[in-house]
Amino acid sequence: MKFKFVKYKSSYTLDAAKMMRKTWHYDKCFEGIKDNIYFYKIFFKYSMIASDYHDLIVDENDKLVGILMARSINKKKLSLNYIGLGINFIFRWLTGEFGKRIQAIKNISIMVKDNEKIMKDVKKYDNEITLFFVDENTRGNGLGKKLMNRYINYCKNQCIRNIILMTDAGCNYGFYDHYGFKRINAIHSDLFAKPEIEYNGFAYAYKV
């Protein structure tokens, strides 16, 4: 199978949401959620808006199979797209599409707090990997390493020296250990994958 790097287009959003759903399990915490794919579409679109680095891989059928996004931590990115996305999210929450409204708000609040806890040292870094996925059906082709190599080269060209990211036990976090990232924090969250283990959320750092 052949793969190629491409620029983002809206038709890739559904592929990205499906990849995220296979790996993450946040939607299972929302009792009565009507459309879990939309939940991950929102997550993906937010990451797109927040990031200033985007790199995508598609297969020969133009199906998205890999993505890496990153953002500059010291540069705040303002966009009207945030407002539109937020209004859409609130509307769907009010109409009950995310299940029980009070429980949904509580879970989102927990997600935000867990994210802040695991990324407590984020301001010490230059750049954050906001989203990194490779479709499980194409793993073993070295796509993750290619995406990461391209990103590291970008960092070198941009004089970015310190990188941070967060991940959980549902992801192939061993990739980061093997690549040379250093684990700098570990927490437990009931909303992350594999809540039965002691630590299921991790922050990793890399010095370029």
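Analyst: W24 touches Y40, F43, L131, F133, D168 and C171, leaving aside residues up to four places away in sequence; contact here means heavy atoms within 4.5 Å. The model is predicted, so local features need pLDDT of at least 70 and side-chain atom pairs count only at pLDDT 80 or more, while totals for chains, interfaces and linings use all residues. Residues are numbered from 1 along each chain as its sequence is written, and side-chain values use heavy atoms, without hydrogens and water.

W24 and F44 have the most contacts inside the largest nonpolar core, which has 42 residues. Such a core is a set of buried Ala, Val, Leu, Ile, Met, Phe, Trp, Tyr and Cys residues joined through side-chain atoms within 4.5 Å. Buried means under 20% relative accessible area, exposed over 50%, and partly exposed in between, with a 1.4 Å probe and protein chains only. Among the elements giving two or more residues to this core are α1 (13-23), α2 (36-50), β2 (53-59) and β7 (201-207). Helices (H or I, at least four residues) and strands (E, at least two) are DSSP runs, numbered from the N terminus. The largest share, eight residues, comes from α2. Another core, of 25 residues, lies apart from this one and includes C155, I163, L165 and F202. In soluble globular proteins, nonpolar side chains tend to be buried together.

T138 sits in the loop between β4 and α5 (143-157). T138 counts as buried because its relative accessibility is 7%. F3, V65 and L143 are touched by T138, again not counting residues up to four places away in sequence.
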